Amino acid sequence: AYSQDPKGIKITFPKDYNNSNTTVKFVLNRTDDQNLDIKKSVQLDASQSFIIPSQVLKMGNYTLRLSWTTNKTDYRMDYDVIWK
């Protein structure tokens, strides 16, 4: 699931998701300025989530691409994000 609050953009995986040793990669592409793109690899926290902090975000449109591998299967999800 994807949500926004003043702290940033929060990505949460299902509670029953086994996140042991799962590294999630994300790319936040800024549609109008490549200099604002963000690429990172993160580990999920105890609540199966991670936050992209608001201080690295600028108001505007992004495309968020998540990718991860579980049991040798690759997954990917894309979200259109408007940060206000």
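Predicted model: local features only at pLDDT ≥ 70, side-chain atom pairs only at ≥ 80, totals over all residues.

Reader: How many helices and strands does the secondary structure of the protein contain?

Author: Helices (H or I, at least four residues) and strands (E, at least two) are DSSP runs, numbered from the N terminus. Here there are 0 helices and 7 strands, and the order from the N terminus is β-β-β-β-β-β-β. The radius of gyration is 13 Å, close to the 12 Å that the globule rule gives for 84 residues, so the protein is as compact as a globular protein of that length. That radius is taken over C-alpha atoms, and the globule rule is 2.2 Å times the number of residues to the power 0.38. Along the principal axes, the C-alpha atoms fill a box of roughly 35 × 25 × 15 Å.

Reader: What is the strand order of the open sheet of 3 strands?

Author: Strands of a sheet pair through backbone hydrogen bonds, either parallel or antiparallel. Two strands are taken as paired if DSSP finds at least two bridges between them. In this model the open sheet has the order β1-β2-β5, with antiparallel pairing. β1 (2-5) and β5 (49-53) stand at the edges with a single partner strand each, so one side of each has no neighbour in the sheet. On average, neighbouring strands of this sheet are turned by 20° against each other, direction ignored; the axes are lines fitted to C-alpha atoms, for helices over the stretch in contact, and angles run from 0 to 180 degrees between N-to-C directions. Between β1 and β2 (residues 8-12) there are 4 bridges, and aspartate 5 has glycine 8 of β2 as its bridge partner.

Reader: Which residues of the largest nonpolar core touch the most other members?

Author: In soluble globular proteins, nonpolar side chains tend to be buried together. A nonpolar core is a set of buried Ala, Val, Leu, Ile, Met, Phe, Trp, Tyr and Cys residues joined through side-chain atoms within 4.5 Å. Buried means under 20% relative accessible area, exposed over 50%, and partly exposed in between (1.4 Å probe, protein chains only). The largest core here has 20 residues, of which Val24, Phe26, Phe50, Ile52, Leu57, Leu64 and Leu66 touch the most other members. At least two residues of this core come from each of β2, β3 (23-30), β4 (38-43), β5, β6 and β7, and β6 supplies the largest share, 4 residues. With contact meaning heavy atoms within 4.5 Å, valine 24 has among its contacts Phe13, Val42, Phe50, Leu66 and Trp68, neighbours within four places in sequence being left aside. In the protein, 33% of the 84 residues count as buried.

Reader: How many salt bridges does the count come to?

Author: A salt bridge is a side-chain nitrogen of Lys or Arg within 4 Å of a carboxyl oxygen of Asp or Glu. By this rule the model has 3 salt bridges. One of them joins aspartate 32 and arginine 30 at 2.7 Å, N to O; aspartate 32 is exposed at 59% relative accessibility, whereas arginine 30 is buried at 9%. Another joins arginine 65 to aspartate 78, with the closest N and O atoms 3.6 Å apart. This pair links distant parts of the chain, with arginine 65 in strand β6 (residues 60-70) and aspartate 78 in strand β7 (residues 73-83), 13 residues apart. Aspartate 78 also forms a salt bridge with arginine 76, the closest N and O atoms being 3.0 Å apart. Through shared partners, Arg65, Arg76 and Asp78 form one network.

Reader: Where is glutamine 48 found, and is this residue buried or exposed?

Author: Most residues other than glycine have a negative phi, and most peptide bonds are trans. Glutamine 48, although not a glycine, has a positive phi of about 60°. Glutamine 48 lies in the loop between β4 and β5 and is buried, with a relative accessible area of 7%. Asparagine 71 also is not a glycine and has a positive phi, of about 50°. Asparagine 71 is placed in the loop between β6 and β7 and counts as exposed at 72% relative accessibility.

Technical notes. Residues numbered from 1 in each chain as written. Heavy atoms only, no water.
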